[in-house]
Amino acid sequence: MPLIRFIQHDGAEQEVHVAPGTSVMHAAIDNGVSGILADCGGACSCATCHCYVDEAWQEKTGEADEVEQQMLEFVMDYQPNSRLSCQVKVGDELDGLVVRLPKSQI
Amino acid sequence: MSNEHAVIVGASHASAQLAATLRQSGWEGNISLVGEEAIPPYHRPPLSKGYLAGEKHSDELLIRPATFYEKTGIDLVLGTRVTAVDPRNKTITLHDGGSIPYGKLALTTGARVRKLDLPGHDQEGVFYLRDLNDVDRIRGFIGPGKSAVIIGGGYIGLETAASMRKLGMEVTVLEALPRVLQRVTAPEVSAFYSRVHGEEGVNIITDAAVQALEGDGTVKGVQLADGNRVAADLVVIGVGVLPDTDLAETAGLEVDNGIVVDEFARTSDPDIVAAGDCTNHYNPIYERRLRLESVQNATDQAKTAANTLCGKLENYHALPWFWSDQYDLKLQIAGLSQGFDRVVVRGSADSGRSFAAFYFCGDRLLAVDAVNRPKEFMAVRRALTQGQSADPVKLADESVDIQQAFTQ
Ligand SMILES: Cc1cc2nc3c(=O)[nH]c(=O)nc-3n(C[C@H](O)[C@H](O)[C@H](O)COP(=O)(O)OP(=O)(O)OC[C@H]3O[C@@H](n4cnc5c(N)ncnc54)[C@H](O)[C@@H]3O)c2cc1C
Ligand code: FES
């Protein structure tokens, strides 16, 4: 079971184990990690699941598709490693993934 | 505050958020979530989309897994209807005669479908679409080659039509008004959706007056007032919802097209808050009272309500937004278009499948309907949240970057 380390804006950390194939969004919601809202439940429609993928992991998580990229341009505090967490699926190769959360979603 | 028992009635979008925020904000007392449906809170939007089309399993609908509630000490009391609230003794009565005392109460009773009293409405094969149960029953009647009639050309009706076309069914949509989505969009947007549904093989009949549902105990067709008849193996009625205010009324709370709440989600009783589809609340951005039917409103207002119960008064002032998925069309709406006097289109609604319609009242940008235009949706959501307007000429000009169009 891959492990994800969530780091809140204020530095608080939480580690969760998830079944392979789970999205980073679900990993947060299912385990009560605050900071991810995910109003649309993963339909890539709301952009309230914004997160930052630690630079060391960016290559492995791949790139945002066109729709996701267009939405990311307008999230609060966009950074080059911004992603919508519902679009990042965690397989065994992402065991240990480090994800940072923004101060606010909207 | 925090050692009291918080009881939340209704177990859906608003209540799931309310309970989670209560815990995040430090509520230490018991939390009970009492809901009539038998499963933990689930995402309702996929019901007419991926779940109806068979692309999603019911486990994937849950807003949070059952273990979340266990871990956070939130007691789920499911399959239980609350029949009355007694605000003087601070107890709720359950359908089986039991009762639960509360310190604080939250009403998240949502909305229920508006029923049509048509001749023949009580036959097999006639459905409304609000709950998982409804869709599970509908799924027993669908399949390739079967004919469906959808009464009502709103978002849910059109999504249902799209999902059924995906399954290879014959689909007719009957809309009483001159155009689909008439109450919620501009004529340009209605025309776009009519065109695409036509291209996808849906038969849309507007100005349709339904006279009766025909059949022999199982529905066989729909009789129209103009003498036409449409054959059907099933009929889905989607003609809007009404706020579920029965309980609030038993409690003697102020009700006026929804449970009346203030900017902190407080009802007229100091120990009772309310959130979601069931409320009538003031929106400071549009400067009027509203009743909204959206996940955004359910979750954002629930946060406000939970914080209020924890003694943190935070004004509810979120910008409304909404989405709808049909075929390959991803519609995202930011703001409320009601009251517009002008529409500006970026891209073309007359051909293709991507454009944005911006709604103005005078110089003021009110809202956007963005079809396969996530960038326009996000840009307008941010601009409206920040109180900005936009230059209509720049919006209409695709050669101008959307970010250059906004004005203070
Ligand atoms: C098919 C469909 C598609 C939709 N698509 C979208 C979409 O794409 N985007 C969007 O933003 N919104 C969409 N919506 C609207 C969205 O689902 C609602 O706005 C949202 O569910 C409101 O949440 P709520 O918690 O306020 O109320 P509800 O979801 O209505 O839940 C209220 C709950 O309270 C229970 N209840 C009521 N009275 C009692 C009682 N006395 N005792 C016990 N339990 C009680 C009900 O059984 C129900 O489970 C859609 C709705 C439907 C039906
Ligand atoms: S959950 Fe809505 S975009 Fe990710």
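In the predicted model, helix α4 of chain B is largely enclosed by the rest of the structure, because 9 of its 12 residues are buried, that is, they have under 20% relative accessible area. The buried residues of α4(B) are Y155(B), G157(B), L158(B), E159(B), T160(B), A161(B), A162(B), S163(B) and M164(B). The helix comprises residues 155-166 of chain B. From its first C-alpha to its last, α4(B) reaches 17 Å, close to the 16 Å expected at 1.5 Å a residue. Just after α4(B), a positive phi of about 80° is found at G168(B).

Chain B is divided into three parts: domain 1 (6-112 + 241-309), domain 2 (126-237) and domain 3 (328-407). Between the C-alpha centres of domain 1 of chain B and domain 2 of chain B, the separation is 30 Å. Contact between these two domains involves 19 residues of domain 1 of chain B and 16 residues of domain 2 of chain B. The area buried between domain 1 of chain B and domain 2 of chain B amounts to about 1400 Å², and carbon and sulfur atoms give 58% of this area. On the side of domain 1 of chain B, S48(B), Y51(B) and L52(B) supply 41% of the area buried against domain 2 of chain B, more than any other three residues. Across the interface of domain 1 of chain B and domain 2 of chain B, 4 salt bridges are found. In chain B, a salt bridge also joins the side chains of D131(B) and R44(B), with an N to O distance of 2.8 Å.

In chain A, strand β1 (residues 3-7) is likewise described by its burial: 4 of its 5 residues are buried, so the strand is largely enclosed by the rest of the structure. Pairing of β1(A) with strand β2 (residues 13-17) of chain A is antiparallel and extends over 5 bridges. Within this pairing, I4(A) stands opposite V16(A) of β2(A). The hairpin formed by β1(A) and β2(A) has 5 residues between the strands, and G11(A) in this hairpin takes a positive phi near 95°. Strand β1(A) also pairs with strand β7 (residues 97-100) of chain A, in the parallel sense and over 4 bridges. Here I4(A) stands opposite L97(A) in β7(A).

Technical notes
Residues are numbered from 1 along each chain as its sequence is written. Chains are lettered from A and ligands numbered from 1 in the order in which they are written. This is a predicted model: local features need pLDDT of at least 70, side-chain atom pairs count only at pLDDT 80 or more; totals for chains, interfaces and linings use all residues. Side-chain values use heavy atoms; hydrogens and water are left out. Helices (H or I, at least four residues) and strands (E, at least two) are DSSP runs, numbered from the N terminus. The expected span of a helix is 1.5 Å times one less than its number of residues. Buried means under 20% relative accessible area, exposed over 50%, partly exposed in between (1.4 Å probe, protein chains only). Two strands pair if DSSP finds at least two bridges between them. Domain bounds come from an automatic or database domain assignment. Contact means heavy atoms within 4.5 Å. Buried area is the accessible area (1.4 Å probe) that two parts lose on being put together, summed over both.
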